[in-house]
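Work through the exercises below with the sequence and the model open. Try each task before reading its solution.

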Amino acid sequence: MKLDFLGATEEVTGSKFLLTSHKGTKILLDCGMYQGKGLETDGMNRDLGFDPKEVDFLLLSHAHIDHSGLIPYIYKLGFRGKVFCTPATRDLCAIMLADSGRIQEADAKQFNKKKDRVGKEPIEPIYTEKDAAECMSLFISIPRDLTFNITPDISIQFIETGHMLGSGAVYITFKEGRKTRTLCYTGDVGRYDKRILPDPEPFPYADYIITESTYGDRLHSTLDDADQQLMLVVRDACAKRLGKLLIPSFAIGRTQEIVYALHRLNKAGDLPDIEIFVDSPLACSATNIYRLHDENFNADLRQFMENTKDPFGFDNLTYVRTIDDSKRLNEYNRPCIIISASGMMEAGRIKHHLANNIENPKTTILCVGYCSPNTLGAKIMRGDPVVSIFGEDHQVRAHLERIDAYSGHGDYQELIRYLSCQKGNRRLKKIFIVHGEEGVRQAYAEHLAEAGFKKTHVPMFRETIELS
Ligand SMILES: [Zn+2]
């Protein structure tokens, strides 16, 4: 059996790993898009390192674009194998890939319009919304924890990782004659004691593990602190400064977490009497998928729902879908909270709210997620006095706040706690550490060694390893 590392080796995006069985069955683990490096990313995304027509199966750990975003592209290039994932992952992919297709089309259009492009060949979007819609016909969802044979010799199982709605580690069992071999690809691993999703669950002993290391060198603060901090920020922004509180947030996952946190604070009487707006069509659709897939919720949330039916809806909360309603928020002059995408402030409606409010000292901007260097979010949060939004310079006079604990990824202690289910596993041959920035994977390997896991390997981009 052979394993090719085709992405997310020296960075945290572009997850792609190709397994080839002794009989030649080709299984792709995730097919993620590289993100955040401008034009360079486009070339990296188009150069796959494998022929999509030869791939038999794609096993998808979760719906984030850096894990699923190239599925429409490989479909366009002739991939017609089956995509296996959990039901919530399939439903989220339907809206996320379509959204990504729209972004690819808009980016290509904008690029082709640039003046210095006159006379040059126009670029094609890597894929379109139509490709994204069509590739969904390949998706087959299987419930979490069910062992499912994809061939007579190969079975798979998705096991909860608590990272996003529907996320699951892929546990694969290969039969080769009398020999049985197992591999667990963890995908992304969430935090413990979260508000909506369950904890990551232990998986059976495996011969090989491929695991992430996003925060392999860091520790997070607790979520209890985060809720307390959120309450204080809302009070300060809306009751003391009497301004708008802008919360740039990823439409899927982080938005629902913030809404539910605000719901609990509101119910406890801890918030001032203000309106809350979720201004993102994608977040509206995603919230409906959350409501549909309550089988993924943790016990605490289920208990909350015994008395309060909808955790993502309450009296003073409004979901804003249309552009006209979004524009109307500009004229809303009372203190309020506006939650809007994108989280890194690079795209989406949050840019309009920033352009309209960033020069007002009454405004507060609360960052609740990671911003890649060079994004508008990173520039604002590092304290640049002037930022460019839609080509115009704006003075940053708004008050800035940050809460880091709402992370979708576990810190190194949580990642090690997750792998503690493999303590005493004598079959374990290697843990491959992927999905980490330069230096972080090595730091995580050292933490793992201290915890007793010494058989680690930090693979290089396009490295091929023979699994004995
Ligand atoms: Zn993810």
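**Exercise 1. Which residues are buried in α14?**

Solution. Start with the ground rules. This is a predicted model: local features need pLDDT of at least 70, side-chain atom pairs count only at pLDDT 80 or more, and totals for chains, interfaces and linings use all residues. Residues are numbered from 1 along each chain as its sequence is written.

Step 1. Helices (H or I, at least four residues) and strands (E, at least two) are DSSP runs, numbered from the N terminus. A residue is buried if 20 or more other C-beta atoms lie within 10 Å of its own, exposed if 12 or fewer, and partly exposed in between; C-beta atoms are placed from the backbone.

Step 2. Apply them. Val440, Arg441, Tyr444 and Leu448 are buried in α14.

Step 3. Look down the helix axis. The buried residues of α14 fall within an arc of 95°, so they line one face of the helix. The arc is that of the directions from the helix axis to the C-beta atoms.

Step 4. Turn to the other face. Ala449 and Glu450 are exposed there, on the face of α14 turned away from its buried side.

Step 5. Check the end. Gly452 follows α14, and its phi is positive, near 100°.

**Exercise 2. Find what the buried residues of α14 pack against, then describe the buried side of α13.**

Solution. Step 1. The buried residues of α14 pack against α13, β20 and β21.

Step 1. Move to α13, residues 412–419. Its buried residues are Tyr412, Glu414, Leu415, Tyr418 and Leu419. They cover an arc of only 160° around the axis, which puts them on the same side of α13.

Step 2. Find the cover. Over the buried residues of α13 lie elements including β11 (208–211) and α14 (440–450).

**Exercise 3. What is the strand order of the open sheet of seven strands?**

Solution. Step 1. Define pairing: two strands pair if DSSP finds at least two bridges between them.

Step 1. Take β11 and β20 (residues 430–433). They run parallel and are joined by four bridges. Thr211 stands opposite Ile433 in β20.

Step 2. Take β20 and β21 (residues 456–457). Two bridges join them, again with the strands parallel. Phe432 has His457 in β21 as its bridge partner.

Step 3. The order is β7-β8-β9-β10-β11-β20-β21, with mixed pairing. The edge strands are β7 (148–151) and β21, each of which pairs on one side only.

**Exercise 4. Describe the whole chain, then its domains.**

Solution. Step 1. Count elements. The protein chain has 14 helices and 22 strands. Its radius of gyration is 22 Å, close to the 23 Å that the globule rule gives for 468 residues, so the chain is as compact as a globular protein of that length. The radius is taken over C-alpha atoms, and the rule is 2.2 Å times the number of residues to the power 0.38.

Step 1. Take the burial total. Of the 468 residues, 45% count as buried.

Step 2. Domain 1 covers 2–218 + 408–466, and domain 2 covers 223–402. Such bounds come from an automatic or database domain assignment.

Step 3. Examine the interface. 18 residues of domain 1 are in contact with 19 residues of domain 2. The side of domain 1 that touches domain 2 has 10 nonpolar, three polar and five charged residues. Ala, Val, Leu, Ile, Met, Phe, Trp, Tyr, Cys and Pro count as nonpolar, Asp, Glu, Lys and Arg as charged, and the others, Gly among them, as polar.

Methods. Contact = placed C-beta atoms within 7 Å.
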